[in-house]
Amino acid sequence: MQSPLLMVPQQNAPEAIAPAPTYYAPAPATVELGDLGRILLRRRKLIFATVALLTIATLIYAFLTPALYSSTAQIIIDPQDLQVVTNDVNPSRISPDGGITQVESQVSVAQSNGVLLRAIKATNLTENPDFNGQGGVGRWLGMFFGSGDGDRTAETLDALRRRLAVKRDDKVLVLNIIITAKSADLAAELANAIAQAYLDDQAEARSKAAADASDAISARLDDQRKRVEQAANAVETYKAEHNMVMAAGNLVSDQELTDLNTQLTAAQTRTAQLKAQVDQLRRQGGAPDATSEAMRSPVIASLRAQEATLVDQIAQFGTEFGPRHPSMISAQQQLSDLRKLISRELGRLVTAAETDYERALANQKALEAKVASLKGKSLDTDQASVRLRELQRDLDAVRTVYANYLQRAQETREQTNVNSTNARIISQAMPALKKSWPPKGLLVFGAIFGGLALGVGMALIAEYLSPTVLSANQMQSAIEAPVLGVLPGKARRRSGAAQKTDAVAGLALQRIAAATRRPPDWPLVPSILVASPPEDKAQRSRVAWQLANAAAARGRRVLFIDINAGKGQKDPQPGVLDVLRGEYPLDAVSRYAAGSSVALIGRGRPTAVFQEAQALYFAHRMLAEANHSFELVVVDGGALADDLNALPLVAMADEILLVARLNATPMRDVASTSEAVSVMGRLPTGAMLVDEAA
């Protein structure tokens with residue numbers, strides 16, 4: 001695409017035909033992040049109005065809304081349960097998450113219909129017009145829709161559910177029961193009533209579970225009792241049929257055989273001991289006094305003591321009296337008799353040992369005979385005992401089951417009278433001292449920030465629906481031509497601002513001169529036409545004058561053509577329209593303003609409509625004449641979309657600049673002006689922006 005600043009109009013003659021108009025669609029305007037501030041600043045009135053309206057509406061709502069009060073009752077739930085008995089109907093099991101899931105499920109229980117209906121009944125809430133739908137707006141709505149005589153309990157339950165909130169605090173097993181009502185006392189009463197209703201509901205549910213379990217177990221007791229009786233009758237019948245007498249749970253024959261075996265073992269031990277004793281006595285031969293039995297015999301011990309005494313006396317008498325002394329002879333005779341007694345006593349011990357051995361042996365043989373006889377009988381009853389033991393095991397099993405059922409029935413029956421609820425109220429609800437709704441400060445704060453957000457959104461929507469020129473890049477993208485500069489919006493008397501404006505205008509002229517390529521022998525004076533949408537008339541005139549004055553300040557001779565000067569006057573002075581009709585030469589209509597080095601030409605007299613080809617010719621001749629007296633022509637082309645009289649000047653101008661206001665000129669007007677230039681056969685070659693905020 002050819003650069004707009006390199007476009008140079010062709011030489012026109014009276015017979016020349018205007019170039020064919022070229023139409024194009026402007027590039028879509030883009031909004032940069034830095035442009036948002038400008039959008040919000042320009043539409044600040046909409047934003048502030050939105051904030052004000054929303055704040056006022058919030059204040060009206062806050063003052064007209066009845067005050068509400070909130071009260072909270074707290075319940076702690078122990079996931080381990082209260083274990084009153086070992087075999088509890090509600091066993092204690094802690095989930096891996098520490099009971100959090102169990103407590104979360106209790107949130108739904110606390111809001112269930114059963115708990116809420118208990119609380120409604122306890123507080124007689126169905127008679128409260130704020131809850132039963134018979135007061136305030138509800139009453140009028142009921143009368144209007146014909147539902148005023150509905151179920152008060154259902155209405156009250158629905159209203160209570162709307163004003164109830166049950167929450168669990170993070171990382172704790174505590175339920176917060178929150179009630180909001182118009183009365184602080186009523187809110188506290190309802191919160192406490194719901195908390196107590198929850199505990200009562202839990203206690204009743206556990207009691208009912210225990211009662212149901214007890215009834216179910218009791219219903220099975222009769223069946224278990226019958227089974228025990230049947231098993232016991234089977235055992236007794238079998239024992240009677242096989243003549244099996246039981247004692248202490250065992251057969252009498254088995255007990256007798258066991259006892260005989262024990263006696264036989266003892267008898268065999270006794271016989272073995274006596275036999276060993278007899279054998280020892282027999283081995284001693286003539287000296288049985290060396291046996292252990294002789295040593296243990298008190299008689300032998302006494303005789304031995306007497307013998308020792310007599311031996312001592314004989315020895316003493318032998319020393320004192322001699323062997324013939326009567327005392328000596330008497331003592332010897334006594335010693336001889338004593339020894340005979342010892343011999344007879346030792347013989348009696350041997351005889352007694354043999355007698356005891358024979359008696360023990362006979363007893364052993366008798367016991368062996370009895371054991372052999374009972375063993376024969378036991379072999380006959382072993383086969384019957386196998387079946388008896390099987391029947392006995394069945395009896396023991398059904399007796400155990402029956403005992404467990406009986407014990408469990410008693411335990412569960414007792415649990416119906418024991419409150420094993422694992423929850424308790426740790427904080428009673430108290431009447432609130434301050435209202436919870438409406439929070440005026442919070443509402444106003446939210447209204448202000450919400451209004452700001454809504455206002456900003458509406459501002460952005462308004463900008464989207466009616467976009468404006470936001471930046472030089474957006475303008476350049478829209479007209480596909482460079483932006484040569486941005487001028488301050490208002491002329492200021494300060495020298496710094498004036499110097500800045502002159503510098504921007506001078507830089508724009510330098511950019512135009514650097515980009516323009518004119519043949520050395522080109523007969524027309526360099527020209528710049530400034531156009532804008534109709535609403536930017538003042539800014540367009542100021543930019544055009546600023547360009548002319550900047551060129552004049554740099555020593556260039558400037559001709560300023562204002563297509564709007566004198567428009568609407570009853571008797572306007574001759575101007576550019578008269579020149580374009582060929583009625584006046586250029587020198588006749590140009591004049592210098594007082595104290596200015598810029599020559600001026602007004603609109604002129606629109607007395608007749610000129611032909612386009614003729615106007616192009618005289619426009620070409622006018623710029624050729626101006627080349628002798630001026631070095632630059634600046635044309636204030638007005639709003640091209642509303643005035644086609646500037647078409648010859650548009651066709652002859654070297655540069656066509658569009659003027660727009662930042663954050664003010666709608667993009668659709670920029671597009672309309674650019675399209676008007678296209679209709680006239682040209683394209684905009686640049687743009688100048690005016691920033692009124694600068």
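I worked on a predicted model, where local features need pLDDT of at least 70, side-chain atom pairs count only at pLDDT 80 or more, and totals for chains, interfaces and linings use all residues. Residues are numbered from 1 along each chain as its sequence is written, and side-chain values use heavy atoms, with hydrogens and water left out.

**Positive phi.** Most residues other than glycine have a negative phi. I looked up N124 and found its phi near 55°, a positive value. N124 sits in the loop between α4 (113–123) and α5 (136–145); helices (H or I, at least four residues) and strands (E, at least two) are DSSP runs, numbered from the N terminus. With a relative accessible area of 47%, N124 is partly exposed. For that term I used these limits: buried is under 20% relative accessible area, exposed over 50%, partly exposed in between (1.4 Å probe, protein chains only).

I then looked up N663, where phi is also positive, near 65°. N663 is in the loop between β13 (655–661) and α20 (667–679). Its relative accessibility is 9%, so N663 counts as buried.

**Second largest pocket.** N663 came up again in the lining of the second largest pocket, along with residues including R38, L662 and D691. A pocket here is an open set of points on a 1 Å grid over the protein atoms alone, where a 1.4 Å probe fits, with protein on both sides within 12 Å along at least five of seven lines; lining residues have an atom within 4 Å of a point. I noted a volume of about 280 Å³, meaning the space filled by probe spheres set on the points, which are joined across faces, edges and corners. α1 (35–42) and α2 (44–64) each supply at least two lining residues, and the largest share, three residues, comes from α1.

**Patch.** I found a nonpolar surface patch of about 520 Å² made by I56, L59, I60, F63 and L64. Patch residues have over 30% relative accessible area and no salt bridge, and nonpolar side chains (Val, Leu, Ile, Met, Phe, Trp, Tyr) are joined within 5 Å. I60 lies in helix α2 and is partly exposed at 45% relative accessibility.

**Pair.** I checked I77, which is in strand β1 (residues 69–77). I77 is buried, with a relative accessible area of 2%.

Notes
Patch = residues over 30% accessible without salt bridge, like charges linked within 9 Å, V, L, I, M, F, W, Y side chains within 5 Å. Areas by Shrake-Rupley, 256 points an atom, 1.4 Å probe, with all protein chains shown as cover. Salt bridge = Lys/Arg side-chain N within 4 Å of Asp/Glu carboxyl O.
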